[in-house]
Amino acid sequence: MSDPMSVLAPEHRRLRIGDAWCDATSGATFAVEDPATGKTIAEVADADVVDGLVALDEASKAMAEWAATPPRKRSELLTATYRALTERSEEVARLITLEMGKPLAEARAEVAYGAEFFRWFAEEAVRIEGRYSTAPAGGYRILTVPKPVGPCVFVTPWNFPLAMGARKIAPALAAGCTTITKPAAQTPLTMLFLARIMEEIGVPPGVVNVVTTKRSGEVVSALLADSRTRKLSFTGSTEVGRVLLRQAADNVLRTSMELGGNAALIVCADADLDVAVDGAMVAKMRNIGESCIAANRIYVEEPVREEFTARFAERMGALSVGHGLDDGVDVGALIDEASVATIDELVADAVDRGARVLVGGERPTGPGHFYPPTVLVDVPEDARMLKTEIFGPVAPIISFTSDDEVLAKANDTEHGLVGYIFTRDLQRALRFTEGLDTGMIGINRGLISDPSAPFGGVKQSGVGKEGSHEGILEYLDLTYAAIDLP
């Protein structure tokens, strides 16, 4: 197979602003590395504030014409993007694996998932509706007209370098908004490739701008301080999300924030253990555990704790670790050394407090940022890994004896993104659904992401929804007109 970097020519490793691929004003670049080897695979443009504001100039200039573009035309361009991603799936997947580290099978799944956002919102683009009705008191009519909010700034994470951008760009374009995307510095190549694809299929200049930078804070701050920006969407940590929300408040920006998680996965004694083990493996190990919706804490009811733990640990221990582009690899490299060090510290902290390691638990020697699939038991309540996102292939298992007990433990977090329930008792599942303080719940399944479903959390896990019909509403303002009609 050819070098994955061959699909992204050097001229397309620069900034995408307006109708041009351009160097940073300063001429600066930064290195992108393969996390499985630690070796540099590309140099990309390192934008500064000037470049970010030029991108906003282009997005602002393109805004009126794009908003006036017929919905069917916008829909057709989104459909064409879906088809192009599907046809070039292998190229995109290999690029994702090279810069992010996930196994190729996972990268292919991400391409399929990301492409679906373009197909879904292509369908939503032609179904943006207002209403016309008689006022209850009579004498006049009520007219509501949805309008695009305006230029949007997107800050996307490294863990799903295609899908998280697609989840924002697709509804924005469907609604008639122009965009500036600032991808994570660890994984800018996939977003640049998407911009190249959208250029090729005919998305007008200025509608999709991509600004790569290592100076995220200053560039994004300048964009949010400019009154032409009308919307911010961010996916990332709660800590950074709080900072961005404070900055967005100065110009009263519309915001969509998909922030951190601390998901509890609950296995009841009446669960089908085959289903529960399969679901737990997906919920924990999808994307190497580097996911905000990953199962962070696994609670197992005492009567089935021993059997579930043995089966789950056996499955985790059988996973192969290696370079994501190699055949037969189940678990690729983590994103960087800092991630590996953090996970290693969390495991050491739990062990120091009395936890036992059943599988894994020791980082390997050699190049690359790897950590083995790890299972811990007897994890005490004061272990740090139960209070923070692990964001890696580590699974703490904790027993429980009553529904009230496990609900209290599951909700004892500032986060509220997702929870998982495994039970064959429908009434019990519904009680957990109502009792969990989360925006999403998986019942007898470990995968809940779907472009047709509203993705988002409560508490400090975020604001707003992405995907589904609700997702396009985040990019629309509503104008109300009272029309005199005696």
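# Group meeting talk: sheets and salt bridges

Let's begin with one residue. E258 counts as buried, at 4% relative accessibility. The cut-off for buried is under 20% relative accessible area, so 4% falls within it. Please keep in mind that this is a predicted model.

Where does E258 sit? It is found in strand β11.

What does E258 touch? Leave aside its neighbours within four places in sequence. E258 is then in contact with M164, R167, F234, T235, G236, C292, L417, F455, S461 and E466.

Pick R167 from that list. The side chains of R167 and E258 form a salt bridge, at 3.1 Å from N to O.

Now the wider count. How many salt bridges does a search of the whole structure find? The number is 33.

Look at R228 and D226. Their side chains meet in a salt bridge, 3.0 Å from N to O. R228 is partly exposed, at 30%.

Next, R242 and E414. This salt bridge has an N to O distance of 3.4 Å. R242 is in helix α8, residues 238-250. E414 is in a loop, between α12 (403-410) and β17 (418-422). These parts are 172 residues apart in sequence, so here too the pair ties them together. R242 is partly exposed, with a relative accessible area of 33%. E414 is also partly exposed, at 37%.

Then the network. Salt bridges with shared partners link R16, R88, E91, R196, E199 and E200 into one network.

On to cysteines. A disulfide is a covalent bond between the sulfur atoms of two cysteines. C152 is buried, with 0% relative accessibility. C22 is partly exposed, with a relative accessible area of 24%.

Now the sheets. Start with an open sheet of seven strands. What is the strand order? It is β14-β15-β16-β13-β12-β17-β18, and the pairing is mixed. The edges are β14 (356-359) and β18 (440-443). Each edge strand has a single partner, so one side of each is left without a neighbour in the sheet. On average, neighbouring strands here are turned by 25 degrees against each other, direction ignored.

Zoom in on one pair. Strand β13 (residues 295-301) runs parallel to strand β16 (residues 394-400), and four bridges join them. I298 stands opposite I397 in β16.

Helices pack here as well. Helix α13, residues 426-435, packs on the sheet and touches β12, β13, β16, β17 and β18. The direction of α13 makes about 165 degrees with that of β18. Helix α10, residues 302-317, lies across β12 (263-267), β13, β14, β15 (374-377) and β16. Against β13, α10 runs at about 140 degrees.

Last stop: an open sheet of three strands. The order is β5-β6-β20, with antiparallel pairing. The edge strands are β5 (131-134) and β20 (476-484), and each pairs on one side only. Neighbouring strands are turned by 20 degrees against each other on average, direction ignored. How many bridges join β5 to β6? Four, and these two strands run antiparallel. Strand β6 covers residues 140-148. Within this pair, R131 stands opposite T144 in β6.

Back to where we started. E258 is buried, and its side chain meets that of R167 in a salt bridge. Find that pair in the structure above.

Key: Residues numbered from 1 in each chain as written. Predicted model: local features only at pLDDT ≥ 70, side-chain atom pairs only at ≥ 80, totals over all residues. Heavy atoms only, no water. Pairing = 2+ DSSP bridges. Axes fitted to C-alpha atoms, helices over the stretch in contact; angles between N-to-C directions. Salt bridge = Lys/Arg side-chain N within 4 Å of Asp/Glu carboxyl O. Buried < 20%, exposed > 50% of the residue type's maximum accessible area, 1.4 Å probe, protein only. Contact = heavy atoms within 4.5 Å.
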